There are 2 protein chains.
Amino acid sequence: MEVRQIVLAKRPEGVPKEGDFRLEETVLRPLQPGEVVLEPLFFSVDPYMRGRMNESPSGAFAIGKAISGAAVARVAESTDETLPVGTIVSGHLPWATRVISNTRQLQQIDTGGIPASAYLGLLGVPGLTGYFGLLHVGKIKAGETVVISGAAGAIGTIIGQIAKLKGCRVIGLAGSADKVRLLKAELGYDEVINYKTDNIPEALKTACPKGIDVYFDNTGGEISDRVIQQLNMFGRAVICGQIATYNGGHGKDALDLLPFILNRSITVQGYHVPTYQERFPDAIEELSGWYKKGIIKNQETVLEGFEQLPAAFIGLFSGKNTGKMLVRV
Amino acid sequence: MEVRQIVLAKRPEGVPKEGDFRLEETVLRPLQPGEVVLEPLFFSVDPYMRGRMNESPSGAFAIGKAISGAAVARVAESTDETLPVGTIVSGHLPWATRVISNTRQLQQIDTGGIPASAYLGLLGVPGLTGYFGLLHVGKIKAGETVVISGAAGAIGTIIGQIAKLKGCRVIGLAGSADKVRLLKAELGYDEVINYKTDNIPEALKTACPKGIDVYFDNTGGEISDRVIQQLNMFGRAVICGQIATYNGGHGKDALDLLPFILNRSITVQGYHVPTYQERFPDAIEELSGWYKKGIIKNQETVLEGFEQLPAAFIGLFSGKNTGKMLVRV
């Protein structure tokens, strides 16, 4: 059977370009016992993948091999009766239109009342990252003020809603007037600052009359230094993403944050969600419950067509997405 | 009775100078009921006092008024039978050779087997700061590697010993060959890096073959950025002092630490010891016990004579002290 796949053509320099990727045709090898053929339905593109495109002793994507990432897929052929044809699964899959997979690496997902794509957003890594980051690392409390960078991104659109649900005042930082409008009108943000046009320190002071208790950082860069400088006594900064730095750059004009961190007894904590892996099932149950009750939305930007994967990935770095960026195959 | 006092003559610019202080003579007013006359024995000079010398809406020392700080004193006259003449007390006192004090603001100290001056070092704010910072904020565990900046200072000389006691590998950063020798020979440091002459990143790599788990920061400045960059996964940085920045300066060439903090799930936490005030008595008991058993030393540098107070304070910023800097009145 003919299959299309997208490989890493060369290691990107700075912001990735279309030419760093190559669309290829290949054929599927025969199926072995215990394997299934998957038909991917949605692929997730995520900022962390940029790091894997660099040369590295471990974890780097190989040149000339298919890139891989989070996906949801339908079982198209099966040798395993626990995963019959038609089953919907999530897993880490190569960027290809048909994929042979070991069934042990797949998770069957419940699509009753929940769209499959939500398992790449609200019920996937972004949702879990936001959930544990906000509740277990940031330890938000009702009445606190939470500032979120990358507010319109995959994680930002989720944590803004969770923070509101928990009784916080929620301020977002986003990069366009459309995003500012959407976050306030649809996702319940109290205020949203356009970091490209507003004066950030002043806008923060106006939006946060009681100061900032928790900063959830999805972007890094100069914005983060400015927010951390305005944290209250015992403020917490959850460092969750640094997309502003993934293509190189920043550093020269960094502020020395340590004196602020000392003066206000601030905690700045970097965090990766696998630390909380054992508690994922409970978190997914709670997030699903909120979704089914209509308390929380799953915001996504979907590009149509397998060949859009490089464009979708590249688009992350100029903020082309609102919510989770996905490609429908 | 004639009394000498030292007042703030003017607000220092940058590093304080002798001319920023003035020695004056004054007289004691008559004693009121509930008051005592104290004869200060030792005054502590501390880096945080530099901040109080700046103009500030709250907490600034007033121009023309006596500077004040931690001290131990002997009761010389008393109207309160609970504090008879001869009692040794600690408290926050003005820089003067005789002081009238409200007895409620004084703490009687136990000098049986413990020198009075230790209540300004090991059993005072420096000891408590080190104790809670290392054990409760840094959460050191046996077998971990701990790096300490300002290792020869009031806090550094204490925490190096506590970290050894708890089974850690302990690496110090200090600013002279004499300090390097003393820390290794007398205070049990495994290795000490001379930050003025050694290449810090390389010296850290050599001294910490298993990387760095906890960084206890007493100084701030560029050194701290370098150490934090070498922290292990789940490393902790306890930000306890920033003496390198108290006279202004630093910031321009600061590194952007947030990407490192994220990559290695690092926690950087600023901390002030009053947060742990309720547990002070237990900590003092444990520290006293270690001292009496000879497990831990109280290192101090004592300048002789009341009029040495400005020189002692100024000396902090060029590292003239090893251990706690004190003035014997």
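## How the two copies meet

Contact here means that heavy atoms lie within 4.5 Å of each other. With that in mind, look at the two chains in this predicted model. Of the interface residues of chain B, 100% are also interface residues in chain A, so the copies meet through the same surface.

How are the two chains placed relative to each other?

## Two domains in chain A

Now zoom in on chain A. Domain 1 is written as 2–121 + 299–328, while domain 2 covers 125–274. Going by C-alpha atoms, the centres of these two domains of chain A sit 29 Å apart. Where they touch, domain 1 of chain A brings 16 residues and domain 2 of chain A brings 13.

## What the domain contact is made of

Together, domain 1 and domain 2 of chain A bury about 1100 Å² between them, and carbon and sulfur atoms give 58% of that. On the domain 1 side, Gly121(A), Gln299(A) and Thr322(A) supply 33% of the area buried against domain 2, more than any other three residues.

Which kinds of residue does domain 1 of chain A use to touch domain 2? There are seven nonpolar, seven polar and two charged ones. Between the two domains of chain A, zero salt bridges turn up, but four residue pairs are in polar contact.

Conventions:
Residues numbered from 1 in each chain as written. Chains lettered and ligands numbered in written order. Predicted model: local features only at pLDDT ≥ 70, side-chain atom pairs only at ≥ 80, totals over all residues. Heavy atoms only, no water. Domains from an automatic or database assignment. Buried area = accessible area lost by both parts, 1.4 Å probe. Salt bridge = Lys/Arg side-chain N within 4 Å of Asp/Glu carboxyl O. Polar contact = N/O pair within 3.5 Å; in protein donor to acceptor, adjacent residues only side chain to side chain. Nonpolar A, V, L, I, M, F, W, Y, C, P; charged D, E, K, R; others polar.
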